[in-house]
Amino acid sequence: MEYIEQLGASAKAAEPAVSAMGTREKNSALGAISAALRSHVTEIIGANQMDIDAARKNGMSEAMIDRLTLTEARINGMADGVDKVISLPDPIGEVIGGGDLPNGLHVIKKRVPIGTIGIIFESRPNVTVDAAALCFKAGNAVILRGGSDAINSNKALVGLMRRALKDSGCNENAVQLVEDTSRDVANAMMRLNKYIDLLIPRGGGGLIRAVVQNATVPVIQTGEGNCHVYVDESADIGMAVEIINNAKTQRPSVCNAIEGILVHEKAAPELFRKLAEKWQGKVAVRGDEATSKLIEVEKIADDVDYATEFLDYRLSAKIVKDIDEAIEHIARFGTKHSECIVTQSLRSAELFQQRVDAAAVYVNASTRFTDGFEFGLGAEIGISTQKLHARGPMGLEALTTYKYLINGNGQIRS
């Protein structure tokens with residue numbers, strides 16, 4: 001049996017016991033995971049440093065290294081995330097519909113685990129813990145396949161989680177790591193229909209497209225975030241500058257950071273003047289000809305720039321004549337993740353939220369809030385940019401399905 005099939009078979013074998021666990025048992029095991037993270041900070045940081053050293057040697061950008069880096073504060077934050085998952089209501093067993101039929105049948109629609117979930121992600125080791133905790137709380141087994149950039153970090157984290165599960169009396173194969181990070185093994189995982197019920201890719205556009213194009217396992221698309229802020233004619237420019245700055249620079253390497261700004265021609269002179277004062281060259285701008293007359297640009301933007309998720313201190317910019325042009329631009333280049341309008345016009349706000357097709361559409365607030373914790377969902381498995389099953393930040397409920405339970409007293413169909 002191939003390596004990835006062995007992992008799949010082990011996960012599927014662990015699945016019945018996990019799905020049958022009660023809330024108290026699951027929370028106890030998650031508590032052991034949280035405690036293990038807090039008590040092994042030095043070990044985790046040591047493994048992570050190996051990945052950071054290799055990343056720098058390979059020329060990884062500092063913004064991407066930031067995604068990879070684990071500090072004591074971030075590890076404690078991961079443990080806090082597990083604690084928050086513990087505090088969330090357990091969705092399993094919830095009755096979400098049903099009733100009595102005219103023929104006397106009693107129908108119950110009940111929330112149940114999906115089964116075995118595969119997660120393919122890039123160099124953010126916090127995803128390793130978030131994904132494992134959420135899948136486990138929702139009664140699923142999980143197979144984690146992180147990028148080669150974070151392999152040492154992920155081995156340390158998964159090793160700790162598996163030991164915590166075993167010490168809690170659980171089958172440690174409920175959480176497994178694909179340690180072979182070759183493309184062949186990843187492709188085999190995408191076709192592991194016999195064992196994996198759902199595949200969730202979490203990362204940049206290249207990863208998402210590769211999984212969607214190659215997988216035979218059902219996929220939920222998450223993560224790619226070509227997000228925008230549109231500054232309307234009526235916008236408070238001071239507010240717009242603060243929102244743009246936060247959405248671009250607070251953490252540029254994440255999917256809910258903006259990659260483009262669209263500015264009404266009447267708001268553009270003041271907006272770009274204040275942005276230039278704010279950034280002092282910190283953010284590189286790729287703008288159209290009109291933008292280049294108001295702020296220093298790295299280059300004149302083309303369609304490739306407008307479609308790019310930079311994940312760095314860089315963005316595209318375009319001056320538009322009205323809100324319709326802004327919405328058309330977002331429809332063409334956006335990824336249905338998070339979009340924002342800054343405006344003092346109720347009509348513009350309502351029009352933008354009605355017509356922009358995205359999982360999260362903001363008025364006068366940073367796109368950085370598109371996050372499971374910020375939305376009150378706890379840790380998230382990712383941010384779905386599609387419309388089927390789940391959309392936006394995916395918490396516990398998104399990792400469940402349902403089944404119908406039908407009770408009768410001898411009914412037959414005529």
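Helix H14 (residues 323–333) has a buried set made up of Ile-323, Glu-325, Ala-326, Ile-327, His-329, Ile-330 and Phe-333, where buried means under 20% relative accessible area with a 1.4 Å probe and protein chains only. Helices are DSSP runs of H or I with at least four residues, strands are runs of E with at least two, and both are numbered from the N terminus. The cover over these buried H14 residues includes strands S7 (227–231), S8, S11 (314–320) and S12 (338–342), along with helices H13 (303–306) and H15 (346–355). At the start of H14, a side-chain oxygen of Asp-322 comes to within 3.2 Å of the backbone nitrogen of Asp-324.

A word on what you are looking at: this is a predicted model, in which local features need pLDDT of at least 70 and side-chain atom pairs count only at pLDDT 80 or more, while totals for chains, interfaces and linings use all residues. Residues are numbered from 1 along each chain as its sequence is written, and side-chain values use heavy atoms, with hydrogens and water left out.

Now turn to Asn-256, in the loop between helix H10 (237–249) and strand S8 (258–264). Asn-256 counts as buried because its relative accessibility is 4%. Leaving aside residues up to four places away in sequence, Asn-256 touches Cys-227, His-337, Thr-367, Arg-368, Thr-370 and Asp-371; a contact here means heavy atoms within 4.5 Å. With Arg-368, Asn-256 makes a side-chain to side-chain polar contact at 2.7 Å. Such a contact is a pair of N or O atoms within 3.5 Å; within protein, one must be able to donate a hydrogen and the other to accept it, and residues adjacent in sequence count only if both atoms are side-chain atoms.

A pocket is an open set of points on a 1 Å grid over the protein atoms alone, where a 1.4 Å probe fits, with protein on both sides within 12 Å along at least five of seven lines; lining residues have an atom within 4 Å of a point. Helix H5 provides the largest share of this lining, seven residues.

The second largest pocket has a volume of about 310 Å³. Its lining has 18 residues, with Ile-120, Arg-145, Arg-183, Ala-186 and Leu-207 nearest the centre. Helix H9 gives the most to that lining, five residues. Volumes are the space filled by probe spheres set on the points, which are joined across faces, edges and corners.

How values were computed:
Buried means under 20% relative accessible area, exposed over 50%, partly exposed in between (1.4 Å probe, protein chains only).
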